[in-house]
Amino acid sequence: MGISIKELTANNSSVINKLIAIESEAFGEGGLNYWGIVPMIYHGAVYVIFMDKEPVGLVEYMRDIRQSTTAYLYGLAIAKEYRKQGLASKLLEYSLSKISKQGIQKVVLTVDPNNESAIYLYQNKFGFKQVEYRKNEYGIGEDRLIMELEF
């Protein structure tokens, strides 16, 4: 079982279609579609984790236009059948290392306050701090915790 991680830097439709399916599985209608992921590839950063050359997860970042040393972690998703294998940790560790070398000093993200496994990953494994709670951030009943990590 060969695991590799790469930054996606071009529009590769076969990979992108698989990543959109992973996004949809993880986030429903809130996941990236073709119209969202392609600009993210060219103007943000998309890192993909592969299992035997098959894409099984991704993480996306965008730079904050108001604070150029801050990045927003837009999404992190692993295909359902590959969860609970440490792949999210590997992907997050790799991608945080890469963006910190690009002048990023802080990463901000939002997470569903009921998503205990994501909160545990961000907080306990990577040191993100909870800085704010936003009620109805993405509509009625879609509350979010705001978390930050400073390098």
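These are my notebook entries on what I looked up in this predicted model.

**Ground rules**

I number residues from 1 along each chain as its sequence is written, and my side-chain values use heavy atoms, with hydrogens and water left out. The model is predicted, and local features need pLDDT of at least 70, side-chain atom pairs count only at pLDDT 80 or more, and totals for chains, interfaces and linings use all residues.

**Entry 1: helix α2**

I took helices (H or I, at least four residues) and strands (E, at least two) as DSSP runs, numbered from the N terminus. I call a residue buried under 20% relative accessible area, exposed over 50%, and partly exposed in between (1.4 Å probe, protein chains only).

Which residues of helix α2 are buried? In α2, residues 34–43, I found I37, V38, M40 and I41 buried. Seen down the helix axis, these buried residues fall within an arc of 160°, so they line one face of α2. That arc is taken from the directions from the helix axis to the C-beta atoms. On the other side of α2, I noted W35 and H43 as exposed.

Next I looked up what covers the buried residues of α2. The cover includes β1 (3–8), α1 (13–27), β2 (45–51), β3 (54–63) and β4 (70–78). Contact here means heavy atoms within 4.5 Å.

I also checked the start of α2. There, a side-chain oxygen of N33 comes to within 2.9 Å of the backbone nitrogen of W35.

**Entry 2: salt bridges**

I counted a salt bridge where a side-chain nitrogen of Lys or Arg is within 4 Å of a carboxyl oxygen of Asp or Glu. The structure holds seven of them.

One of them joins R83 and E25, with the closest N and O atoms 4.0 Å apart. R83 lies in the loop between β4 and α3 (87–100) and E25 in helix α1, so this pair ties together parts that are 58 residues apart in sequence. R83 is partly exposed at 32% relative accessibility, and E25 is partly exposed at 36%.

Another joins E148 and K106, at 3.8 Å from N to O. E148 is in strand β7 (residues 144–150) and K106 in strand β5 (residues 106–111), so the pair ties together parts that are 42 residues apart in sequence. K106 counts as buried, at 18% relative accessibility.

I then looked at R134 and E137, whose side chains meet in a salt bridge of 3.1 Å, N to O. R134 is partly exposed at 29%, and E137 is partly exposed at 30%. Salt bridges with shared partners join E132, R134 and E137 into one network.

**Entry 3: a buried glutamate**

What is the nearest side chain of opposite charge to E60? E60 lies in strand β3. This residue is buried yet has no salt bridge, and the nearest side chain of opposite charge is R83, 12 Å away. For charges I counted Lys and Arg as positive and Asp and Glu as negative, leaving out His and the chain ends.

I listed the contacts of E60, not counting residues up to four places away in sequence. E60 touches E23, L32, M40, A45, V46, Y72, L73, Y74 and G75.

**Entry 4: positive phi**

Most residues other than glycine have a negative phi. I noted two residues with positive values. D52 has a phi near 50° and is not a glycine; D52 lies in the loop between β2 and β3. N136, also not a glycine, has a phi of about 55°. N136 lies in the loop between β6 (129–134) and β7, and is partly exposed at 30% relative accessibility.

**Entry 5: aromatic rings**

I paired rings of Phe, Tyr and Trp (its six-membered ring) if their centres lie within 6.5 Å; planes under 30 degrees apart count as stacked, over 60 as edge-to-face and the rest as tilted. The structure holds four aromatic pairs.

The rings of Y47 and Y94 have centres 6.0 Å apart and planes at 75°, so this pair is edge-to-face. Y47 is in strand β2 and Y94 in helix α3, 47 residues apart, and the pair links distant parts of the chain. Y47 is buried at 1% relative accessibility, whereas Y94 is partly exposed at 29%.

The rings of Y72 and Y74 have centres 6.3 Å apart and planes at 80°, so this pair is edge-to-face. Y74 is partly exposed, at 34%.

Note on methods:
A polar contact is a pair of N or O atoms within 3.5 Å; within protein, one must be able to donate a hydrogen and the other to accept it, and residues adjacent in sequence count only if both atoms are side-chain atoms.
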